[in-house]
Amino acid sequence: DLAGRGVFDIISDVLRSQEKVLVSAGTDILHYLTQDPNLLRSYIANHEESSREGISLLGLLIEGIATDFGGEMLCQFLEILKVLLDGCTADTVTQCRDFIELFYEKCFDKLINIIESSRVEEYSAKLEILYNICELLCFCARHHPYKIKITFFGSNSMEKILTLTRRRERSLVVAAVRIMRTIIGAGRNDELLISHVIEFNTLKPIIEVFVENGNRYNMLHSTVLELLDFIRKENLKSLVLYVVESFWDQLLMFEQLASIQAFKLKYQEYVDIAEETQTTSVDHTRKADERGLDKEEEDYFSKDSNEEDSAAQTRHAHQQCLVKPANGSEIHHIPARPKSGGLVDNGSDKDYKPSPKRPVKADEALN
């Protein structure tokens, strides 16, 4: 009934006020009305383009989380945004999806830009503001991993967030590491996301600040070790290889820590498996080559044997042509060539006597 009577228009006017008391009252009422977040989502989606002064209610909420209103009001803005970004059900999926699309299109880059501008201290937002933004980004990474991935790829948002690792406030450094841990956790089965982390050397600032922290057992120390433990336990092979091969020289000073030892053992396990696989592949290739050679030799000798069998069969067939078959059929013989200069056999060789030679006369001898 309140929504139908324009309560969200009134709250939008209140949040534009410069009076902190009025803004606080407006956030109290709005926080109460988020018991039915779909009403507020629908209002924001329907009034985004027609909002007065170019600032919609969603834009006012983003301004509220980035304005130094004090701790309690900052928390209220944060909680309202979390409720709107969560709680999608089958009955409200359309309104929820439209609101989430609107948030990432209109507001996400504003939050990232607030973080990026904090690299320069004179333009830096207050610690509480930056911390709440990091908290909201962690929430988004857990609940909208796909949208986070698309947004990060398009604007290098993760690299901008990790500029917080250069801050002196350890709580902000820890918040940045937690965002990275949440993103990897939500996208651990996404090869494209893992490849992006490796390609852009995204873990470098985290390892560097971990090394700078030294052997101090504080929240930063524990958060980085938890990130490495998660990568190892989830068997994220690409990230294990990337961390050890890129940063082992720096991590060597922590080799006595159980987490680092387990991480190196996991790396060695992957290396051993790769070497064994390669060796097995080489053996298979060599055996295949040997089998190929044996087959060639077998085919060669088989060919010779077949040729010999064929020649033997040809000779045998020729010999069969020269003999009379067992059934008594006549065989046509090839006539033998007659011997040259032979004498005719007249049957009287034994009684033959050559005629006596006539004496040669002297004049015939001279001739």
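## Second largest pocket

Helices H4 and H7 each supply at least two residues of the lining of the second largest pocket. H4 provides the largest share, four residues. This is a predicted model. The second largest pocket holds about 170 Å³ of space.

Its lining counts 13 residues. Nearest the centre of this pocket lie Ile55, Ser56, Gly59, Lys106 and Lys110. By class, the lining divides into six nonpolar, three polar and four charged residues.

## Largest pocket

The largest pocket holds about 210 Å³ of space. Helix H4, residues 57-65, gives the most to its lining, with three residues. In total, 13 residues line the largest pocket. Leu15, Arg16, Ser17, Glu63 and Phe69 are the ones nearest its centre.

The class make-up of this lining is six nonpolar, four polar and three charged residues.

## The cavity

Rolling a probe the size of a water molecule over the atoms shows where empty space is left. Across the whole structure, a search finds one cavity of 30 Å³ or more. The largest cavity contains about 50 Å³ of space.

Three helices each supply at least two residues of the cavity lining: H9 (145-155), H11 (170-186) and H12 (191-199). H12 gives the most, with three residues. The lining consists of Phe152, Phe153, Met158, Met180, Ile183, Leu193, His196, Val197 and Thr202. Seven of these residues are nonpolar and two are polar. The cavity lining has no charged residues.

## His196 in the cavity lining

His196 is one of the residues that line the largest cavity. His196 sits in helix H12. Is His196 buried or exposed? His196 has a relative accessible area of 10%, so it counts as buried; the cut-off for buried is under 20%.

Which residues does His196 contact, leaving aside its neighbours within four places in sequence? They are Phe153, Asn156, Glu159 and Thr202.

## Salt bridges across the chain

Side chains of opposite charge can pair when their charged atoms come close. The structure holds 14 salt bridges. One of them joins Lys82 and Glu135, with the closest N and O atoms 3.3 Å apart. This pair links distant parts of the chain, 53 residues apart: Lys82 is in helix H5 (residues 71-85) and Glu135 is in helix H8 (residues 127-143). Lys82 counts as buried because its relative accessibility is 14%. Glu135 counts as partly exposed, at 28%.

A salt bridge also forms between Lys160 and Glu116, where the closest N and O atoms are 3.9 Å apart. Lys160 lies in helix H10 (residues 157-161), and Glu116 lies in helix H7 (residues 108-117). These distant parts of the chain are 44 residues apart. Lys160 is partly exposed, at 21% relative accessibility. Glu116 is partly exposed, at 23%.

## Lys149 and Asp190

Lys149 forms a salt bridge with Asp190, and their closest N and O atoms are 2.8 Å apart. Why does this pair tie together parts that are 41 residues apart in sequence? Lys149 lies in helix H9, whereas Asp190 is in the loop between H11 and H12, so the pair ties those parts together. Lys149 is buried, with a relative accessible area of 13%.

Helices H9, H11 and H12 also supply residues to the lining of the largest cavity.

Key: Residues numbered from 1 in each chain as written. Predicted model: local features only at pLDDT ≥ 70, side-chain atom pairs only at ≥ 80, totals over all residues. Heavy atoms only, no water. 1 Å grid on protein atoms, 1.4 Å probe; cavity = no way out; pocket = protein on both sides within 12 Å on 5 of 7 lines; lining within 4 Å. Points joined across faces, edges and corners; volume = space filled by probe spheres on them. Nonpolar A, V, L, I, M, F, W, Y, C, P; charged D, E, K, R; others polar. Buried < 20%, exposed > 50% of the residue type's maximum accessible area, 1.4 Å probe, protein only. Contact = heavy atoms within 4.5 Å. Salt bridge = Lys/Arg side-chain N within 4 Å of Asp/Glu carboxyl O.
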